[in-house]
Amino acid sequence: MLENFHLELRAAIEPWHVLGEESGSQGTARYVDSSLERVQVKVTNFIPERYVLTCNSVVIPLSPTGIEGEFVAGVKYKAWQPWSALHPTIGVDTPLVFDVVDKWNQRSIGGMSYFVSHPGGRTYDTFPVNSNEAEARRINRFWDFNHTQGEVEYVSAALVKQSLVDVNGAKRAVLTKEKIKDKKIFHFQNVTPSMEYPNTLDLRRKWAKQ
Amino acid sequence: MALKVVLSHKTHYKYDKYISLSPHVIRLRPAPHSRTPIDSYSLKITPKNHFINWQQDPFGNYLARIVFPEKVKEFGIDVEIIADLITINPFDFFVEQYAENYPFKYNDELQKELIPYLEITEDGKKLHKFIKTLDLKKRPINDFLVYLNTEIYKHLNYTIRLESGVQTCEITLGNKLGSCRDYAWLFVQVLRHLGLAARFVSGYLVQLKADVASLDGPSGPEEDFTDLHAWTEVYIPGAGWLGLDATSGLFAGEGHIPLACTPSFESAHAIEGMSDKCETEFEYSNTVTRIFESPRVTKPYRDDQWDAIYKLGFEIDKELEENDVRLSMGGEPTFVSIDDMESPEWNTDADGEHKRELADKLSRRLVGSFTKGGLLHYAQGKWYPGEPIPRWQTSIVWRKDRKAIWKDPELFADMNETYTYTNEDAQKFIKTLALTLCVSDKNVIDAYEDPYHYIMKEANLPLDIDPMKADLKDSLERKNIAKVLSQGLNTPIGFVLPLNFGETKWISSGWSFRREHLFLVPGDSPLGLRLPMDSLVQKPTHELPLHFEPDLFAEVPELGKFRKDAKKRFKNAERFKVNEMKDDMFVRTALNIEVRDGKLYIFLPPLNHTEAFLDLVASIEVVAKKLDIKVVLEGYEPPHDLRIDRIKVTPDPGVIEVNIQPATSWKDLSDNLFTLYDDARQSRLGTEKFMLDGKHTGTGGGNHVTIGALEPSDSPLLRRPELLRSLITFWQHHPGLSYLFSGAFIGPTSQAPRVDEGRLENLYELEIAFSQIPQEEDVPFWITDRLFRHMLTDITGNTHRSEFCIDKLYSPDSSSGRLGILELRAFDMPPHPRMALLQMLLVRTLVSAFWKKPYKHKLVRWGTQLHDKFLLEHYVKEDIRDIVEFLNAEGYA
């Protein structure tokens, strides 16, 4: 719950398609592309004129559900970087940080974070032994806080340059804008809506070379 | 999963007269460090005329200070807490490096801050003696804490003490008896003696009744339960305060809600204050009520919801019967080990030791629960490319007329037991069996491994390899060579009785070979699969003509009785020793007996007459009983026959698959599934699987739903191809049906792609095929298969990989492919049988609806919307709501 509206995050299905054939020591193999994941975000009592919902600094295209003030969208993102997957030049885009940006007051008024692995750095080498451990793992990976800080500035796509930065050994996407050096400012951007997948924000598309 | 509860704790004092109360301090509000989320809190004090101030004590605990300006005759404290019992992993922390092992020293700063929590106030002899019994060797701090917690738990006996206050450690240890307060305080002092900072916790304990009784160990409380409780917290750098509950020997989890945590128990009292002298009546109660439970895999529906579902099942039954649909449904549920989440055999591989063991346990249970006098049979399963040997398959076979095939299940050897049968036993068995079948026991021949092959193999081994030895890492072939060489090439490995069934009797014939002996084809398959068929006489004088696979569409008489006859023949065999019978015809099939690993395996020949099969099995049982030998039946299964039913247990990648027999009525269907799920659980096979990140997934093997009829000619799909059209169209219109039940593995290259998840022109072609379905005229059985066969495939043309699979509908290839069955493959394994049944009921209802009124519409070109919208919960839910409205409008409410 944030102000009056309610944000909800759910797992969605992401098809793991079979990749092209690769030959290995034991004959040929066709891996599946397990690098992608998808979530659904739903918001109720939302005022689109005033607020913008962003995920990792990209505006989420919200589709109305037919209920006044209720919107839904899918967010598709690269969660892992296996050696064989589509688009090797695109890095992982996690954790997902969702922000509700108040355009009138120029701030993110709150948000939530979704991690694909333990935020404290615990590596899960083994599968959960039972449903309790599985549930505890799921609970660990979600925080109903940790919005992006700073004053808000909308950055039109043309001004944004993405670069890969090494953060603790993992490649992260970072937005840089030549003109503004002040880190206190929260920049967010739009990616051009997809004609084929209008209900899904595909975070990989923010990596498009310009 | 969410489960919210209301804890209600009421304490009431009634005094015999008006008295004055000193200011009271109440410590009944969850402490700030409670990990269990507290949604709401409320404290009501009676009488109304009081002042209340909230404050925090030096340790951060919340205190309510109550002042009564007037004399009172009663004093009531009502606490209500709404808590969200999410699962908390008590071990979710990283310990600072210096504290990873016990013993460690706190750093100077911490040492100073923790002074009150290190104060030793009890120093008695018994306490010292107890500490001396503890094993204080260096070890990881977690293990050490678990150890201490368990030691105290084991050392003491629990009692409920109504008197107030906490016992000294000496008393507790002396009596080996205490309440939770005494346990907690003893533990605090023990920890401090060991140099660890500890504090006393007073709090609420909530324990909920588990949905499913535990297979091992205690199942927890019979009813939901809450009470004031006390436990201990220890400070571990990196982890913070860790709750340890020595009363139960567990770490504190979501059910432990701390109220006050203090260095000494005196300052943790829930209610503290004084009153004038008087007579007091005291009442208290603790209750816990579940107020919100999201559906979960162990309890997907509330009982009233399930009752409604169950009842609807019978109404659909009635409608199906009225309209003469003759529908039967089966399924292929899959199970995984509940103990082993890691091994390849439970994730990717088809075969595995543990899997064989559990499959066998399950099969034996199924014989007991599904059959009376059923047969347990081990056959060779499918052989998939890339796998070294064919898979196995266990069948549980019984007669539909419920007469016994095999009377005494004790005569089946237990695959998980060891036996010490020898070649002598095998020889005696096969000779007695031959005589019991009224064929000559002279025809029994010894089977040998082919020495030439193994001598060559041995000669080709590298110099530095001992041919008699092989270890686990070696290939199957190497192991086999070592095995064969070490058992010697001149001992027979089994015995062969050439055998087949003529029109009226068993027929055997002598087999002779150019090399004099019978040398087996090299390998490690059962003997029966390695017979040198190419070396048999090509053109004998009289040969038994070949039988054909029985036609499932033909009429057959009822099955007779076989045991009595077999017994009689056994007796005759003993009396007359008929072993000189003439062979009148040459046969090319054989029954084989072989001892492997001390177990006696009987390899059944292929038989096309069910009667002959049953007679043979009855004879084997008679011999087994008389010779007191436990046997394993393997080889060829009984022929497909509508008079017998079977369940097959087979390995599939990562899972065990159970092909459950089709059932017509809702009652049978539900009984079967409940029994199967329960038997599986008792065999330690479960339905829950998780990904590394904790996401719940299906077993990975699916739960394909099959629809057809008990007799292929009755199949509603063969009788009305329109039904298939309706189902395909409806599923195509409602992608929610595909993705709600599918689990995560979907799309064109999955196991069950939708008709619109493949070739672009598929929908266009399907519509043409729909237009070719005969209307108002006789429908030949073959037409459904021919019309749809090439469209119900994946993009490569694989007919098995399709949401709607008609491989077993009316395949021209074999009789066993003409079963009139449609397989719906986009169902993943539901974790609970009630979920599986609801899915089945949905299919039944749609079949019934479309039988009455075919669903004929143009197909929808979803395009990219399919994966843009319908992979999101919102759109799937909308879609399912639409289906519900459709069914309501059709009269199913």
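Good morning. A residue is called buried when its relative accessible area is under 20%, and exposed when that value is over 50%, with partly exposed in between. I begin with this definition because one residue, D693(B), has a relative accessible area of 6% and is therefore buried. Please keep in mind that the structure before you is a predicted model.

Let us start with chain A. Its secondary structure consists of one helix and 16 strands. Of the 210 residues in chain A, 45% are buried. If we take the contacts in this chain between residues at least 6 apart in sequence, 66% of them join residues at least 24 apart. The accessible surface of chain A is about 11300 Å², and carbon and sulfur atoms account for 52% of that surface.

I turn now to chain B and to one of its sheets. In general, the strands of a sheet pair through backbone hydrogen bonds, in a parallel or an antiparallel manner. In chain B there is an open sheet of four strands, in the order β3-β6-β1-β17, and its pairing is antiparallel. At the edges are β3 (38–46) and β17 (280–293) of chain B, each of which pairs on one side only. From one strand to the next, the twist averages 10 degrees. How many bridges join β1 of chain B to β17(B)? There are 13, and the two strands run antiparallel; β1 covers residues 3–19.

Next, the two chains together. In this interface, 38 residues of chain B are in contact with 49 residues of chain A. The area buried between the chains is about 3600 Å², with 54% coming from carbon and sulfur atoms. Three residues, T87(B), L692(B) and D868(B), supply 17% of the area that chain B buries against chain A, more than any other three residues.

Side chains of opposite charge can pair when their charged atoms come close. Over all chains, the structure holds 60 salt bridges, and three are counted between chain B and chain A. One salt bridge links K695(B) with E37(A), where the closest N and O atoms are 3.7 Å apart. Another is formed by R141(A) and D693(B), again with the closest N and O atoms 3.7 Å apart.

Within chain B, consider D324(B) and R326(B), which form a salt bridge with the closest N and O atoms 2.8 Å apart. Here D324(B) is partly exposed at 35% relative accessibility, and R326(B) is partly exposed at 34%.

A further salt bridge brings together the side chains of K625(B) and D408(B), at 3.4 Å from N to O. This pair links distant parts of the chain, 217 residues apart: K625(B) is in helix α13 (residues 610–627), and D408(B) is in the loop between β21 (392–399) and α9 (423–436) of chain B.

Finally, a network of salt bridges links D211(B), D224(B), R290(B), E293(B) and R296(B). Thank you for your attention.

Conventions
Residues numbered from 1 in each chain as written. Chains lettered and ligands numbered in written order. Predicted model: local features only at pLDDT ≥ 70, side-chain atom pairs only at ≥ 80, totals over all residues. Heavy atoms only, no water. Buried < 20%, exposed > 50% of the residue type's maximum accessible area, 1.4 Å probe, protein only. Contact = heavy atoms within 4.5 Å. Areas by Shrake-Rupley, 256 points an atom, 1.4 Å probe, with all protein chains shown as cover. Pairing = 2+ DSSP bridges. Axes fitted to C-alpha atoms, helices over the stretch in contact; angles between N-to-C directions. Buried area = accessible area lost by both parts, 1.4 Å probe. Salt bridge = Lys/Arg side-chain N within 4 Å of Asp/Glu carboxyl O.
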